[in-house]
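Dear colleague,

Please find below the structure that I am handing over to you. My notes on what was found in it follow directly after.

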Amino acid sequence: MKKLLAEFIGTFTLVFFGCGAAVIAGMGSGPTAIDIAGIAFAFGLAIVAMAYGIGPISGCHVNPAVSFGVLIAGRMSAAEFVGYVIAQVLGALAGAAVLYLILSGKAGGWNGGLGQNGWGAGYLGQYNVTSAFVFEVVATFLFLVCILGSTHGRAPVHFAGLAIGLTLTAIHIVGINVTGVSVNPARSIGPALVGYGSNPAAVGQLWLFIVAPLIGAAVAGVLFKSGMLEPDPS
């Protein structure tokens, strides 16, 4: 239960800080507006914080794709994987729900956005589904390479949280304009479901933000499991 509670809190934090930066501060020209780099660092620093806060308890996956890659790499059991995913999705839903409650109190009104992922006409850079799918697969693969490599027993593990957080930051700097960046099915599910009333299209596009990250994570997991990305014995 400690591991599941940690994963719930970690995923809640990621959605609350990351999506919160996007929809409460967001991009614009006002005195409190932030740009893509600000949003990217909010996601990345949330991961750094949780890596050191809950990493010793659960490993700080806070992402079903990460857990899937770890499973494929042979570093966790199927039963653990299922428990982690449930806790992660519930944490993302709770994080999105708290954001919804806060944003509902804005006197000037609010468009219902919760940082939902998407693609196509009207969404940020208006990239098509192929661009979105390729980005999410490749970005998740590279994210998992960093995670599985930096948490290996022979890696300098005290720096793993920083490396993982900075990698997520870089992914967001590149990809926010393409999909808003998921690389994390739970992060996409929470805002999409909680914000369904104002943006039902986000739920219709959820499949990509579940399938593509799992594919990218699986490829990384296979490469580590096969030994192709495992360090040579000293």
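Is methionine 76 buried or exposed? Methionine 76 is buried, with a relative accessible area of 11%; buried means under 20% relative accessible area, exposed over 50% and partly exposed in between, with a 1.4 Å probe and protein chains only.

Please note that this is a predicted model, in which local features need pLDDT of at least 70 and side-chain atom pairs count only at pLDDT 80 or more, while totals for chains, interfaces and linings use all residues. Residues are numbered from 1 along each chain as its sequence is written, and side-chain values use heavy atoms, with hydrogens and water left out.

Methionine 76 sits in the loop between helix 4 and helix 5. Helices are DSSP runs of H or I with at least four residues, numbered from the N terminus. Leaving aside neighbours within four places in sequence, methionine 76 is in contact (heavy atoms within 4.5 Å) with His61, Ser67, Val70, Leu71, Phe81 and Tyr84.

Threonine 11 is found in helix 1 and, neighbours within four places in sequence aside, is in contact with Val62, Gln88, Gly91, Ala92 and Ala186.

Turning to the nonpolar cores, the definition is a set of buried Ala, Val, Leu, Ile, Met, Phe, Trp, Tyr and Cys residues joined through side-chain atoms within 4.5 Å. The largest has 48 residues, of which Phe143, Leu148, Leu168, Ile171 and Val183 touch the most other members. Helices 1, 2, 4, 5, 6, 7, 8 and 10 each supply at least two residues of this core. Apart from it lies another core of six residues, including Trp119 and Ala212. Valine 183 is in contact with Asn63, Ala65, Glu136, Ala139, Thr140, Phe143, Leu168, Ile171 and Pro213, again leaving aside neighbours within four places in sequence.

Helix 8 is mostly covered, as eight of its ten residues are buried. These buried residues pack against helix 1, helix 2, helix 4, helix 5, helix 9 and helix 10. Helix 10 (residues 206–225) has 20 residues and reaches 29 Å from its first C-alpha to its last; this is close to the 28 Å expected at 1.5 Å a residue, the expected span being 1.5 Å times one less than the number of residues. Just after helix 10, glycine 227 takes a positive phi of about 95 degrees.

Helix 8 and helix 10 pack at an angle of about 170 degrees, with their axes 9 Å apart. Axes are lines fitted to C-alpha atoms over the stretch in contact, and angles run from 0 to 180 degrees between N-to-C directions. The two helices are therefore roughly antiparallel to each other, a term for angles over 145 degrees. The contact is made by Pro185, Ser188, Ile189, Ala192 and Leu193 of helix 8 and by Leu206, Phe209, Ile210 and Pro213 of helix 10.

Finally, the structure holds seven aromatic pairs, in which ring centres of Phe, Tyr and Trp (its six-membered ring) lie within 6.5 Å. Tyrosine 100 and tryptophan 110 form an edge-to-face pair (planes over 60 degrees apart), at 5.1 Å centre to centre and 75 degrees between the planes. Tyrosine 100 lies in helix 5 and tryptophan 110 in the loop between helix 5 and helix 6, so the pair ties together parts that are ten residues apart in sequence. Trp119, Phe133, Trp207 and Phe209 form one aromatic cluster.

With kind regards

Notes:
Phe/Tyr/Trp six-rings, centres within 6.5 Å; stacked < 30°, edge-to-face > 60°. Parallel < 35°, antiparallel > 145°, perpendicular 65-115°, else oblique.
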